[in-house]
Amino acid sequence: MTGECRKDGAPRIESALKHFLHGDECCFECRLLSSILGLIVKRGADAFGVKEEDIREQMHDQYWFRGLISVLRGIGFSVLTGHSYPEPPSRLYGTLQSAAT
Ligand SMILES: [Zn+2]
């Protein structure tokens, strides 16, 4: 889940997010990660009690986008495994909020 995009050498997480939000070109791994991000957003929307569209909208904000990347790196995508979730959603949301301000 780490590394760089094989297409343009950008950090994979960024390429994946851009693909997720804008449909930007990227390699297979990024598209895969992008679809996983979709799941995270869905889960997050449920956890926060907000609409998925609202999160997508929020992700277009440059600062929020950066914050999200650092959070995703921080949790190391362990949320995907379903085994451990190091931070409760409320704290995760707080991290995003403070990253955006
Ligand atoms: Zn890629």
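1. Ground rules. The model is predicted, and local features need pLDDT of at least 70, side-chain atom pairs count only at pLDDT 80 or more, and totals for chains, interfaces and linings use all residues. Numbering starts from 1 along each chain as its sequence is written.

2. Overall make-up. The protein has six helices and zero strands, so its pattern along the sequence reads α-α-α-α-α-α, where helices (H or I, at least four residues) and strands (E, at least two) are DSSP runs numbered from the N terminus. Of the 101 residues, 17% count as buried. For burial, C-beta atoms are placed from the backbone: a residue is buried if 20 or more other C-beta atoms lie within 10 Å of its own, exposed if 12 or fewer, and partly exposed in between. Among contacts with a separation of 6 or more, 37% join residues 24 or more positions apart; a contact here has C-beta atoms, placed from the backbone, within 7 Å.

3. Helix α1. This one covers residues 12-22, and its buried residues are R12, I13, S15, A16, L17, H19 and F20. As a reminder, an α-helix has 3.6 residues a turn, so residues three or four places apart point the same way. After α1 comes G23, with a positive phi near 75°. H22 also sits in α1, but H22 is exposed because 9 other C-beta atoms lie within 10 Å. Across 38 residues of sequence, H22 and H60 have their C-alpha atoms 9.3 Å apart.

4. α1 against α2. Helix α2 spans residues 28-48, and α1 packs on α2 at about 65° with the axes 8 Å apart. That makes the pair roughly perpendicular, a label for angles of 65 to 115 degrees, with under 35 being roughly parallel, over 145 roughly antiparallel and the rest oblique. Axes are lines fitted to C-alpha atoms, for helices over the stretch in contact, and angles run from 0 to 180 degrees between N-to-C directions. On the α1 side the contact uses R12, S15, A16, L17, H19 and F20, and on the α2 side E29, C30, R31, L33, S34, L37 and G38. By type, these residues divide into six nonpolar, four polar and three charged. Here Ala, Val, Leu, Ile, Met, Phe, Trp, Tyr, Cys and Pro count as nonpolar, Asp, Glu, Lys and Arg as charged, and the others, Gly among them, as polar.

5. The core. C5, I13, A16, L17, F20, C26, C30, L33 and L37 form the largest nonpolar core, with nine residues; such a core is a set of buried Ala, Val, Leu, Ile, Met, Phe, Trp, Tyr and Cys residues joined through C-beta atoms within 7 Å. The elements giving two or more residues to this core are α1 and α2, and α1 gives the most, with four. L17 is worth a click: leaving out residues up to four places away in sequence, L17 touches L37, F65 and I69.

6. α2 against α3. Helix α3 takes in residues 52-59, and the axes of α2 and α3 come within 8 Å and cross at roughly 115°. V41, K42, G44 and A45 of α2 meet E52, I55 and R56 of α3. The residues of this contact divide into three nonpolar, one polar and three charged.

7. Two partly exposed residues. L32 belongs to α2 and counts as partly exposed because 15 C-beta neighbours lie inside 10 Å. Its C-alpha atom is 10.0 Å from that of F20, twelve residues away along the chain. S70 belongs to helix α4, residues 62-75, and is partly exposed because 13 other C-beta atoms lie within 10 Å. S70 and I13 are 57 residues apart in sequence, yet 9.6 Å separates their C-alpha atoms.

How values were computed:
Contact = placed C-beta atoms within 7 Å.
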